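Please open the model in your viewer and keep the selection panel at hand. The tour below moves from one selection to the next.

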Amino acid sequence: MANTSLGSLHAMSDGNSCHQKRATCLGSQCTSKPTLFLSPKMSVFVDSCFVTTSKDPNATPRLEVIHNFGCMVDSKRKGSQSQFFSSESNVLRFTVDAFLFPQITAKRLYLHCTMTVMKSTSKQSAKSCTYNRAVGSLDGDYILGGLFQLHEKYGVTGTVTDTENRKPEVLQCHRFTFSSASYQQIQVMRFAIEEINNSTLLLPGVSLGYEIFDYCSDLLSYGAALDFLTQKGRGAIPVWNGTNYRPKVISVTGPFGSSQTISVAPLYMSEMIPMVTHGASSVQLSSKNRFPSFFRTIPSDKYQVAAIVRILRQFNWNWVAFIGGDNDYSRDALTVFQDEIRPANICLAYQDTIPQNQSLIGCLFNNIAMFNIQVIVVFANVEFVIPFIQKAIDLRVKEKIWIASETWSMNQELIKKSQIERIGTVLGITVQRHKDLRGFDEFINNTVKSRHENACTDMDLKERCGQICSDCNSTSAQTIIGEDPTYSFVIYSAVYAVAHALHNALRCGTWNCANSEIIAYPYMAPVLQCSSECKSGSRRVQTGFHTCCFECEICSDGKYINHTADPYSCIACQKDEWARNGSTSCTKRSIEYLHSDAPLAIFLMFQAISIILISMAILVLFLCKNDTPVVKSAGGRLCFFMLCCLSMSSSSIFLYIGKPTEAICTLRNSVFIVFYVACLSCLAVRSFQIVCIFKLPKAYDFWVKHGGQWITITTTTVIMLFLCILWIAIEGPRPNQLTLYSEVILDCTYGVIPIFYVIVLFAALLGIACFSFAYMGTDLPKNYNEGKSITFSLLIFFISWVISLTVHLSTKGKHTLSVNPFSVLCSLYGILFGYFFPKCYIIIITPERNTAAYFQTAIQSYTLQPR
């Protein structure tokens with residue numbers, strides 16, 4: 001390996017004359033011919049060439065022209081003429097386009113090249129570029145990637161390469177065996193894309209392009225696989241796939257083998273780029289968790305193995321051998337095969353893997369003969385099968401039944417092998433139905449004709465039949481057309497599947513695509529169904545004879561749907577569960593009541609205790625001032641009874657706290673209404689007495705003399721007590737569970753409704769009577785005028801309980817639990833604030849108004865008023 005200076009270029013500052021002997025005029029060609037003396041059977045390869053501004057090859061800056069062991073840097077640029085020429089005797093010729101060295105003002109540039117000298121072989125081309133260039137490309141609005149095994153890793157004689165003792169060397173696709181069958185498959189992809197581009201119905205106004213790489217080995221093909229992932233227009237692969245990430249290709253067709261597909265699939269699955277393969281039939285690839293954007297136009301091996309087992313059962317062949325290759329295609333098939341033969345009473349007498357060393361294949365056949373096996377299932381790729389069958393011919397294996405998997409059952413090379421008929425009977429399995437591609441033969445003839453006429457000067461043809469694929473140029477049209485057509489239609493279908501998906505993603509119609517601003521990304525693969533899948537929480541309603549056609553109906557309240565179990569039925573929730581319409585599951589209902597530790601319950605209990613304490617405080621105050629005019633005018637001993645009733649009535653608040661029981665429900669309303677009616681009757685009696693004192697004095701005397709006030713109070717209280725006992729005896733309030741959407745409310749019923757209404761009506765009439773008497777005394781002396789106080793108390797009573805009844809009748813929920821206790825508090829506070837607080841104010845704050853003289857003056861003023 002040597003660095004050789006090939007010449008120097010001088011940029012001319014003025015005119016067109018050359019200033020130095022070795023200089024070259026701007027715009028003209030520069031040629032140089034270094035001479036190397038080589039021994040026989042040796043060849044020279046250009047590894048790299050670069051340009052510097054100095055004779056020193058280590059100088060910087062530098063511009064690469066050829067790299068990667070002979071790859072032209074700008075060879076893929078449109079219109080580029082950089083290329084290697086065919087070898088002429090012992091001369092290696094190549095040309096490089098003029099290049100621009102940015103930001104360099106030097107007048108002299110130096111081209112340095114490194115070369116490699118090595119042994120010649122018949123299959124080596126004129127260069128050793130390891131850059132995985134595309135073997136076919138076409139520009140378009142959307143690019144489809146293709147991975148095809150154009151060169152296969154078995155030698156020129158069809159034998160598997162010995163990899164055990166091989167010394168390390170650079171793998172190069174063109175040094176493997178050219179596969180005319182794979183070349184035919186490439187042409188099928190090109191044919192399908194060009195047919196779509198010429199169609200006016202599919203993707204109108206949108207052009208498809210392609211970029212096809214030779215997938216000769218996993219090692220060399222990762223460059224091609226990664227090239228498809230590069231961001232369109234930027235030539236880089238982003239670390240994070242943002243929503244604007246648009247890779248070079250919209251989908252990938254291929255590769256053929258299962259192992260090759262499994263190797264590169266994770267690269268595309270991570271970016272949800274669809275892989276539509278025509279030959280990868282491994283059962284592993286059916287897993288959508290591992291391969292979410294993987295599709296194929298052939299069935300998985302599960303069906304192929306099932307067909308083989310049916311053949312074995314049909315002929316009662318139950319003593320068989322299974323021979324496979326060292327890859328996922330064979331290993332997965334063996335696993336399925338073992339599962340399928342167990343219930344079929346078929347014995348797997350022997351199973352083995354085809355060794356890559358041909359010398360070991362003989363031992364495999366010896367084992368088959370030793371076990372006396374006549375039926376051999378060969379489930380392997382063609383690169384394993386060709387040397388295996390050839391060895392069977394060489395060893396004169398006879399009278400065997402060979403069951404061939406679809407990868408080699410129709411292989412033309414095997415069919416043409418000499419004496420293959422002597423090995424026995426070959427039964428081939430194919431899960432494809434071959435269909436002729438109309439116009440494909442004409443397409444191939446035109447392609448070959450154009451290739452010869454243009455002599456590969458066109459850039460697109462150069463990619464297909466250039467130095468990477470030297471055998472393409474010598475492949476005749478008849479050879480391409482005559483190859484095994486098994487996979488032609490599935491490749492054709494793969495391309496059309498992508499095209500139809502793209503057509504729908506772009507919202508294309510008959511004449512054009514609906515919106516030219518729509519950009520299709522690989523993860524957009526549209527739903528092609530009779531009916532779109534129902535949204536979550538909706539069930540299917542079949543609209544015809546076919547289950548694929550249906551309408552969607554939202555599940556109503558209290559029901560849910562489990563799409564996995566039954567997409568057609570809405571399931572009712574349990575009694576203690578709830579679900580809103582459109583639910584996919586039920587939720588346990590919460591149990592609601594006034595918990596003793598809840599802030600609201602604590603507040604209510606605090607207020608109840610406050611009423612009791614305030615009532616007792618007023619009671620003590622009135623006892624101390626019992627002989628004063630204010631206490632006497634308020635009712636005297638009647639006030640003590642009222643205050644005790646208020647205290648007892650407020651105790652009912654505690655019955656609203658905690659989980660309702662039968663005893664609590666029975667006492668809750670009864671305790672309040674009995675003691676409150678007793679207090680209300682005292683107010684009515686007191687307002688009636690005041691009116692009688694000033695307007696009906698004789699009637700008042702009769703009333704007092706016969707104990708009318710206590711008789712009235714006792715009578716009304718007993719009547720209310722009787723009604724409550726009757727209410728409880730017949731059917732009083734009981735614990736009740738009110739079931740709403742998300743909650744179960746624990747409350748009490750109202751018992752017998754008619755009696756409940758009678759109780760409410762009796763309390764209301766008593767309140768109205770009290771209100772009427774209070775209104776009649778509005779013109780009495782100020783000190784005896786209880787009208788305003790009683791009116792205020794009664795208004796609070798009426799308003800609070802009207803609100804309570806309205807809330808109970810109009811709405812249901814946990815907030816209604818606190819309405820009744822709040823109404824009780826309001827009613828009790830109304831009497832305290834309206835009736836007793838003004839009197840306490842006079843006793844404590846203005847004692848001068850609490851004298852007999854003051855009251856006498858008020859009475860005299862009233863009597864002297866004109867009537």
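**Disulfides, a cavity and a surface patch**

Across the whole structure a search finds five disulfides, each defined as a pair of cysteine sulfur atoms within 2.5 Å. This is a predicted model, in which local features need pLDDT of at least 70 and side-chain atom pairs count only at pLDDT 80 or more, while totals for chains, interfaces and linings use all residues. Residues are numbered from 1 along each chain as its sequence is written, and side-chain values use heavy atoms, with hydrogens and water left out.

Select C534 and C552, which form a disulfide with their sulfur atoms 2.1 Å apart; the link is left-handed, with -95° about the S-S bond. The pair, 18 residues apart, links distant parts of the chain, since C534 sits in the loop between α13 (488-505) and β21 (538-542) and C552 in strand β22 (residues 550-554). Helices (H or I, at least four residues) and strands (E, at least two) are DSSP runs, numbered from the N terminus.

Next, select Y656, R668, D747, C748 and N820, which lie nearest the centre of the largest cavity among its 16 lining residues. Its lining takes two or more residues from each of α17 (662-695) and β29 (743-748), and β29 gives the most, with three. A cavity is a set of points on a 1 Å grid over the protein atoms alone where a 1.4 Å probe fits but cannot get out, and lining residues have an atom within 4 Å of a point.

Finally, select I799, which lies in helix α21; helix α21 (residues 787-810) contributes three residues, the largest share, to a nonpolar patch.

Conventions:
On a 1 Å grid over the protein atoms alone, a cavity is a set of points where a 1.4 Å probe fits but cannot get out, and a pocket is an open set with protein on both sides within 12 Å along at least five of seven lines; lining residues have an atom within 4 Å of a point.
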